[in-house]
Amino acid sequence: MTSYIQKSFKRELLAGFLIAGVLPLIVAAGFLIELFKVKLQAEDERLALTQAEAVEETLNIRFDTFRRMSGLLTTDRTMVSAMKHRESLDYSAVYTRLYEATEGLREEAQFDIYADTGECISSTGAGMIHQKLSVYWGVLREALARPGELVFQREGGSRREKDVCLRGARVILDEENRAVGYVVVSLRVEHFEKILEGLLESEEGLLILDRFWAPVYESGTAQKSELARTLRYRRFMGEPLDLSYDNNKVYIAEASDTGLTSVCLRSETLEEETVRTMYQVMLAMIFVSTGICVMVAFVMSGNLTQPVLLLKDAMQKVQEGNLDTRIETGRKDEFGLLAGHFNTMTVELAGHLERQVNQQRQLNETSIAMMQSQLNPHFLYNTLDTMKWMAKTQGMEELAMIATKLAKILRTSISGEQFITLKEELALVDGYVQIQRLRFAGNFYYEERVSQELLGYMLPKLTLQPLVENALLHGLEGRRDGRIQVTGYRKGEDLWLEVLDDGCGICPELLKELKREKKDRPQGHIGFYNVDTILKLNYGEEYGLTVSLPVEGGTRVTMRLPAESGKEAESRSLHGKSGDKQEEVS
C-alpha cells in the first residue's frame, strides 16, 4: 500500500490530507465514544453493585433480627414450660409471648410456634393454626440437626404471591435438651417487598438465590426468567458469571451470613442502538471530511502533477543512460528554473562522465603497467651473476635452465595478458624457485599445497611470485634450512592463497605500516605494495593482502581475490589479449 501511494504525487498529497484531517477525526471520535461507553458502564456497574450490596446488607440486618427474636423465644422459660407440658398448654400465653417478641417485625415476616409433632399451635398469620410441617424432612429436620441456630430453607413449588418463599426454623429445647417445639419464620413475596422497599427502581430486576443457587425471590425484569438456571449452570461448569441477560447487565453480591446471594439486573444506560447511531454519525462526518480532502488534493495537485510527471519522464531517460535528454518548457516559475538546471546538469554530466572514464582508463593502464613492470633489479643482477659464475665453473646445463626460466618470467611480465590461471602463476613461481635453488645451493625447502580444482581460476599475473620472493629474500635471510609453503583454498565465493615461511618474521614496525588502511609506498617490500594495489584496483577494497605472524614463528601473507573463471577475469581486463606470443628462449 505504501509503495502504491509513493508512486504518485497526487496520491501522496491526498494521503497527507487524509492523515492530517480525517485520521485525527476518526481517532478522536472513536476514542470519545468508547470512553463514553466505558464511563457509563463503570457507573452502571458501581450503582448496580452498590444496590446489590445494599440488598445484601438489608437482608443481613433483618435476618440478624430474626435470629435474636428466635433466640429469645427458644430460651424463654414461659415458652419452654408451656411447650413442655402439652397436656395443659396455655395457648394464650404462647401467643402473648410470640406477639411480644415479634413486635415491629410482623410486616416483614410471619412467625409461628410449632409443636414437636410438627403441628402449628400459634401464629401471627391468619389461618395457620393446626397446619402441619414434617419433622422428618425439610426445615424442621434441619433445625433439629442444628440446635441453637435459625436454619433457613427455600420452599419449593409454585411462586404465587401468597406462597412461602423462604422458611426458617429454630428448635425449642427443654432442660434435658429434648425438642419440645419450634419457632418458625416464613417469608413471602410481600415480606421481601417490604424488607427491600425503596432499594429497587421499577425498571430494575432482583433475584435472590439460596445456597444452592435456586431462586427464592424474583422481582422486576428477573420475574419468570431462566436467569437462575443459567447462573447455576455457569457456576457448576466453572464459567464466568459476569454476563448480559435479556438486554440487562447482571451484577452479583456473593452470599454472606444469610446464605443468600443477591443478583441485580440493570438495563444498560447506553443501548446498542444508541451506540450504533453515534457511530453512524461519526462515519457520516468521516465521509464528508474525506470528500473535502479529495477535492482539495485534486485542486492543489492539478498544477503540479503535469510538470512533475514531465520531470519524472526526463529523469527516467537519464537513468537509462540517455544524457541527451532535455526538458522543453515555457514556464517562468520555479519549475521552469528547475528545468533549466536539469538541462545544464545533463550537459555537464555527459562531459564529466566522458572525462572521468578516460582518466580512469588511463590511470588504471598506467598504474597496472607500472607496477607489473617493477621487477626486482637485484633479482635480475644476481641471476645474471649466478649464470656468469656457473658458466665458468660448471657445465652449460644449469646455465641453459636458468636462461629458460628467466626468459619465461620476462615473457610473462611483458605480455599483453593481464590475467593468467593459477596453474600458470604457480609454474612461474616454480621457475623462480628453481633459479634460487641454484643460487643458494638448495638451502631452503619449497612446498605447494593447492588442489587440482583450483588451478583453473584466474588471477592477475605476477602476484604470487613477488610474495614468494619476499619470503625467500627477507624471511629466510641468513637461514640454511628455511621452509616456504604456498597453500590455496576456496571459502565461499573467494579464492585464498597463503605464502608461509618459517624465517625471522616481519618486524612489528613494518607489519603495523602494512596493516594501515591507507598505505604509502614503502621503501622496502615494494612487491607487497604492488600486489596489494593490483588486487584492489581489479577487484575492490575488500580484496588484497593481509600479513600475520604465526605463533610458531615466521610470516604468513594471505591473498584474497574472487574465485573467477577465464571469461569472468577477461571482462575485468583493461586491454584484453594483445600481441603475438613470443617463442621460449631455449
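Tyr-114 stands opposite Tyr-182 in strand E5. This is a predicted model, in which local features need pLDDT of at least 70 and side-chain atom pairs count only at pLDDT 80 or more, while totals for chains, interfaces and linings use all residues. Residues are numbered from 1 along each chain as its sequence is written, and side-chain values use heavy atoms, with hydrogens and water left out.

Back to the strands. Helices (H or I, at least four residues) and strands (E, at least two) are DSSP runs, numbered from the N terminus. Tyr-114 belongs to E1, residues 110-115, and E5 covers residues 179-188. E1 and E5 are antiparallel, with six bridges between them; two strands pair if DSSP finds at least two bridges.

E1 also runs antiparallel to E2, residues 120-123, through three bridges. Here Ile-113 stands opposite Ser-122. Four residues separate E1 and E2 in a hairpin, and Gly-118 in its turn has a positive phi of about 95°.

Is E1 enclosed or open? Six of its six residues are buried, so E1 is largely enclosed by the rest of the structure. Buried means under 20% relative accessible area, with a 1.4 Å probe and protein chains only. Gln-110, Asp-112 and Tyr-114 point one way, Phe-111, Ile-113 and Ala-115 the other.

Now the cores. A nonpolar core is a set of buried Ala, Val, Leu, Ile, Met, Phe, Trp, Tyr and Cys residues joined through side-chain atoms within 4.5 Å. The largest has 43 residues, and Leu-464, Val-468, Ile-484 and Val-499 are among those with the most contacts inside it. Helix H12, residues 422-439, gives the most to this core, with six residues. A second, separate core has 40 residues, including Val-94, Phe-111, Leu-150 and Val-185.

Next, helix packing. Two packed helices are described by the angle between their axes and the distance between the axes. Axes are lines fitted to C-alpha atoms, for helices over the stretch in contact, and angles run from 0 to 180 degrees between N-to-C directions. H12 packs with H13, residues 465-475, at about 25°, the axes 9 Å apart. The two are therefore roughly parallel, a word used for angles under 35 degrees. Among the residues that meet are Val-429 and Tyr-432 in H12, and Val-468 and Leu-472 in H13.

Last, H3, residues 77-84, and H4, residues 91-101: their axes come within 10 Å and cross at roughly 145°. Thr-78, Met-79 and Ala-82 in H3 meet Val-94, Arg-97 and Leu-98 in H4.

Definitions and conventions:
Buried < 20%, exposed > 50% of the residue type's maximum accessible area, 1.4 Å probe, protein only. Parallel < 35°, antiparallel > 145°, perpendicular 65-115°, else oblique. Contact = heavy atoms within 4.5 Å.
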